[in-house]
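Subject: Structure for your review

Dear colleague,

Please find below the structure I wished to hand over to you. My notes on its helix packing, its salt bridges and the confidence of the model follow.

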Amino acid sequence: MDQRIELRHLRYFLAVAEELHFGRAAQRLHIAQPALSQQIRQLEKIVGVELFRRTSRSVRLTEAGAAFQPRARNLLDRLASDLDEAGRVGRGEAGRLDVAFITSATAIVSEHLRAFSCRRPDVQVKLHDGFTTDVLAALERGTADVGIVRDAEERDDIDLSLLASERFVAVIPTEHPAARGDRVEARALAADPLILFPRSAGTHAFDMNTQPLRNAGIDVQVAQECSNWHTIIMFVAAGLGVSIAPYSVTTLLPAGARRLELDGPPTVSRIFMATRRGDDRPLLRAFIAASESMTVHDHDRTMSVR
């Protein structure tokens, strides 16, 4: 089709097709009748066929005009819908949000997504899990819009907003000698194989996780490296070793594993929302706004996430 066709041609055609009268169509469009007739002739020239059969007494659609009418209406309706969708995306009311997160913060992520979905039900949320280093790398590459990380290191191009803090606890097999009590000193675990995620998953996170052991003078050596907390806990329950974990990942332990409070100086793990510095898109602002009123629960207190 000749590229000279414009939206006004479609609007003018539909007005005449619905009124079947050039005068009434011109009044409806608020233009002069001769100008309307000229535009219709121009459209017919572009299409290459007559769209209206005109007589001195009547106007009616030709077969080609009757076939074109629903298509012209559909084109205008689709355009209106697309423009509305573009506006909603621009205002953060629709679109797609990619959220990368660490699995140990799944409960917090779920709460935030629930709050966000209530405010923005038309936004498609895509989830990507991984280590803290993976999440931050995805943000820097632009494959994630927002990240939820634990004990992340400062980066020049990433903003970190504190969501929650929680203590570390020991996770041991139920057959462990220390399992008879409710608390344990870290040095009592010195002889046990340590099961934990690799240091490459997040240097600062690894150091925070093992701080209770290092405070007790233990040379930290990971006997079994695992990629997620579920596997770590299951290996502990199987009697393969012990672990130091954030409290939130120990709320539902399998048979064979016990959680014990750690004696000694308290070590705190911090969960952050991570965003690219300078990213001010409405959709991201909407997610942050939905997070601001959220709370997370520790075993003995409720903590504001902002």
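This is a predicted model: local features need pLDDT of at least 70, side-chain atom pairs count only at pLDDT 80 or more; totals for chains, interfaces and linings use all residues.

Helix α1 spans residues 7-19 and helix α3 residues 33-47; their axes come within 9 Å and cross at roughly 110°. An angle of 65 to 115 degrees counts as roughly perpendicular, and α1 is therefore roughly perpendicular to α3. On the α1 side, the contact is made by Arg8, His9, Tyr12, Phe13 and Val16, and on the α3 side by Leu36, Gln39, Ile40, Gln42, Leu43 and Ile46. Sorted by class, this contact of α1 with α3 comprises seven nonpolar, three polar and one charged residues.

Helix α1 also packs against helix α2 (residues 22-29), at an angle of about 130° and with the axes 8 Å apart. That angle makes α1 oblique to α2, and the crossing of the two is right-handed. Here α1 contributes Arg11, Tyr12, Ala15, Val16, Glu18 and Glu19, while α2 contributes Phe22, Arg24, Ala25, Arg28 and Leu29. The contact of α1 with α2 has six nonpolar, no polar and five charged residues.

The axes of helix α5 (residues 106-119) and helix α9 (residues 282-291) come within 8 Å, crossing at roughly 120°. This places α5 oblique to α9, in a right-handed crossing. From α5, the residues His112, Leu113, Ala115, Phe116 and Arg119 meet Leu283, Ala286, Phe287, Ala289, Ala290 and Ser291 of α9. Eight nonpolar, two polar and one charged residues make up the contact of α5 with α9.

Turning to charged pairs, the structure holds 23 salt bridges. One of them joins Glu140 to Arg155, with the closest N and O atoms 3.0 Å apart. The pair links distant parts of the chain, 15 residues apart: Glu140 belongs to helix α6 (residues 132-141), whereas Arg155 sits in the loop between β5 (146-150) and β6 (158-173).

Finally, a word on confidence. The chain averages a pLDDT of 88, and 93% of the residues score at least 70.

Yours sincerely

Notes:
Residues are numbered from 1 along each chain as its sequence is written. Side-chain values use heavy atoms; hydrogens and water are left out. Axes are lines fitted to C-alpha atoms, for helices over the stretch in contact, and angles run from 0 to 180 degrees between N-to-C directions. Helices (H or I, at least four residues) and strands (E, at least two) are DSSP runs, numbered from the N terminus. Angles under 35 degrees count as roughly parallel, over 145 as roughly antiparallel, 65 to 115 as roughly perpendicular and the rest as oblique. Contact means heavy atoms within 4.5 Å. Ala, Val, Leu, Ile, Met, Phe, Trp, Tyr, Cys and Pro count as nonpolar, Asp, Glu, Lys and Arg as charged, and the others, Gly among them, as polar. pLDDT is the predictor's confidence in each residue, from 0 to 100. A salt bridge is a side-chain nitrogen of Lys or Arg within 4 Å of a carboxyl oxygen of Asp or Glu. A crossing is left-handed if the near helix is turned anticlockwise from the far one by less than a right angle, and right-handed if clockwise.
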